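Please keep the sequence and the structure in view while reading.

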Amino acid sequence: MHWIANVRGPSPLVSGWAQYAAAASQRMRPSGDLLVQRAALADAAIRAGILPSADGSCRTAAAAAALIADTGRAPADQEYVLDGLHAYASVHERGFCAVAHSGLRHMRMPAESHDGPRFTLLATLVVSVALLSACGRDDLCATMLDVHAAQLEPAGTCGRELFATLALDLTDWIRESHRGVCTHARKEPSDRHRFSALLHGEPPARHHSPLAAGSRAASVPAAGAHPAAPAEGAPSLSLDGVLYGLSAHAQTLRHRQLLHARPTSSNVWLVCDTCRIALRLGASVVRTDLPDTLSVPIITAGRPAWQHRTVSRAMWRLLSDHCGHELRVLTQVSPAWRKYAVTPTDLISQPGTDPAPEITLDAYLTGWPGQSSITHFGGARPAPAEQPVDGEVSLVCLTCRLDVVLGRVSASPGAAITIGRQLAADHPTATTAVIRMLTEHTGHDLMIFTDNSPWDFYTEAGDWGTTVETDNDNWPPLIGNITHRQYVDGWPEAPTRRYYRGSDPLDASHAPAPPPGPAS
C-alpha cells in the first residue's frame, strides 16, 4: 500500500499489484476493515487515472495517496476527513460508485469531545447522501439519515437548513454529469422535492422546496456540459467549504451555549443500572450546557462527600453488593436521569431530600458489614443471583479506560471490600480516590470488575494502559500505574495530575479546570 501511494510517474507493475491487494484483502479481511477500504481505493484510483501522480501536486492524487498509506495508528483529524472526501468524491465522479459509498461509510472519524454537532461527521454525511442521490438511491440516503438522526439538528433550525442546503447544492452539481458514468444499480428516478424534504426532516406534503418536484437547480449544467472524468475536474462547490461551513456553525452554537449557560445546583446519584438502585452522594453545581460535568466537588450536609462518614460507608456497601454490575454517576439535570425518574428506581438518601427516598441511609447501613436485619437491597430490578465474588475488585470507566482497584471482597454474605486487614470504608485515601473517580467520570459507563468477571479479559489483555492501585501492597505499582495516594495528591484544589482521565482520554487539551475546594 505504501509503495502504491508513493509511486511517481507511470509504472507497469502498479496496476497489477493494486488489483492483487484488492482481491487478497477481500478474502482475508471483513468488508469494513480499513485494509480492505485502502486496497479498494488504490485499485479504483489507479484504474481511474488518479494515481500514480507525476509530481504529487494534484490535490485529488495527494488525498488518495494519503488514505491509501494510512495504517490507522494515528488518530483521525480534519485533514484526514478532507482527504477522504476529496478522494472518494473523485473516484465516484469517474464511475467507481460502490468504492466511494463503502469508503465514506467506513471512514474513520475524529474524536470530538464537546457537546454539539459533530461537524466532521456531518460533512461526511453531506457528501455521502449527495453521492447516493446522484446514483438514484434516495432510499439509502433515508437509511443513512435515520442512522445519524441523533447528530442532526431538528427540522426548522438553522443548522438543519445549512446541512440540507449544502447537500442539495452538491447533489445538483454532480447529478446530471454523473448519469453517464454511474455504475450503481438505480432503483427509481430521483425526485428532488422528496429528497429536499428528506434532508430538511419534513414530510413531503408540508415541505416547500426551492424548486418543484422533479426539477433540478438552475445552476446545474446541462447533461454533457460537465466532463465526466477530467484529470483534475471537480465540483465548483468546495468540499473544504462544506467542512469549514459546518465547523463554523458548530463553533457558533458552542459560543452561544457558553454565553447562555447558567450554573445550577443538582443532586448527584450513584446508580446501579443493573438493579435500578440509586444512592445520593450529595449535591454539586453544573452548567446547563454541560449537565454531566461537575463544577465543584460533591458536597453532603456542608462537607465534602469523601469526609461524610455515612454517605461514604453507603457508597462502599453499594460497591460491595453490586460486583459485576453496570454503574453510572448522574446529576438530576442530566438527560440520562429521565430514565430513572419515570421508571421504578429505588432511591437511597437521607430523609427530607427531594425526591423522597424509598430507603434511608440508616436502614441501608444497619448491621453492615455482616448479617443485617435487611441482608440485601436488590433495587427495583434486582439482578439474577450470581456466584459469590471472592477476590480483587476494581471500579472501571469503560468510556475512558481507567481502572481503580478497590480492594478485595470475600464470598461470605454481607461481606465488605477490604484493603489488607482494614475495611475500605475506613480507609480515607481509598474513599477519596473513589469519589474523585466518580466526580470526574460523571455520565460515563462504569462497571465493577472482579477476578471472575466476564469482562476480566479487557484488563488482562493489556488494553488498560493505567491502573490506580491500592496503597497496601508490599511492592510498588507496575510501570505506568499509580497508587491511590498519588491519584488524590492535591485533589481537588491543585491535583498533581490535573487533567488525569485515563489511559485514552478523549481530549485532554479541553479538559475543564480543576474544581475549587470546599472553602471556596
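Predicted model: local features only at pLDDT ≥ 70, side-chain atom pairs only at ≥ 80, totals over all residues.

Residues are numbered from 1 along each chain as its sequence is written, and side-chain values use heavy atoms, with hydrogens and water left out.

**Overall make-up**

- The protein has 17 helices and 15 strands; helices (H or I, at least four residues) and strands (E, at least two) are DSSP runs, numbered from the N terminus.
- Of its 520 residues, 50% count as buried, where buried means under 20% relative accessible area, with a 1.4 Å probe and protein chains only.
- Among contacts with a separation of 6 or more, 66% are accounted for by residues 24 or more positions apart; contact means heavy atoms within 4.5 Å.

**Helix packing**

- Two packed helices are described by the angle between their axes and the distance between the axes.
- Axes are lines fitted to C-alpha atoms, for helices over the stretch in contact, and angles run from 0 to 180 degrees between N-to-C directions.
- Helix α2 (residues 14-28) packs against helix α3 (residues 34-47) at an angle of about 150 degrees, the axes being 8 Å apart.
- The two helices α2 and α3 are therefore roughly antiparallel to each other, a term for angles over 145 degrees.
- On the α2 side the contact includes Val14, Ala18, Ala22 and Gln26, and on the α3 side it includes Leu35, Ala39, Asp43 and Ile46.
- The residues of this contact of α2 with α3 divide into nine nonpolar, four polar and one charged; Ala, Val, Leu, Ile, Met, Phe, Trp, Tyr, Cys and Pro count as nonpolar, Asp, Glu, Lys and Arg as charged, and the others, Gly among them, as polar.
- Helix α5 (78-93) and helix α6 (residues 97-106) pack at an angle of about 160 degrees, with axes 7 Å apart.
- Helices α5 and α6 are therefore roughly antiparallel as well.
- Among the residues making the contact are Leu85, Tyr88 and Val91 of α5 and Val99, Ala100 and Leu104 of α6.
- The contact of α5 with α6 comprises seven nonpolar, four polar and no charged residues.
- In helix α4 (residues 59-69), the buried residues include Thr60, Ala64, Leu67 and Ile68, and what covers the buried residues of α4 includes α1 (2-6), α3 and α5.

**Strand β2 and its partners**

- Nine of the 11 residues of strand β2 (residues 277-287) are buried, so β2 is largely enclosed by the rest of the structure.
- Strands pair if DSSP finds at least two bridges between them; β2 pairs with strand β1 (residues 263-272) in the antiparallel sense over 10 bridges, and Leu270 stands opposite Leu279.
- In the hairpin of β1 and β2, with four residues between the strands, Arg276 takes a positive phi near 60 degrees.
- Strand β7 (residues 346-349) runs parallel to β2 and is joined to it by three bridges, with Ala278 opposite Leu347.
- Strand β3 (residues 290-294) runs antiparallel to β2, with two bridges, and Leu290 is the bridge partner of Arg287.

**Thr429**

- Thr429 lies in helix α15 (residues 428-440) and is buried, with a relative accessible area of 12%.
- Leaving aside neighbours within four places in sequence, Thr429 is in contact with Asp471, His484, Arg485 and Val488.
- Thr429 and Gln486 are 57 residues apart in sequence and 9.7 Å apart in space, C-alpha to C-alpha.

Definitions and conventions. Parallel < 35°, antiparallel > 145°, perpendicular 65-115°, else oblique.
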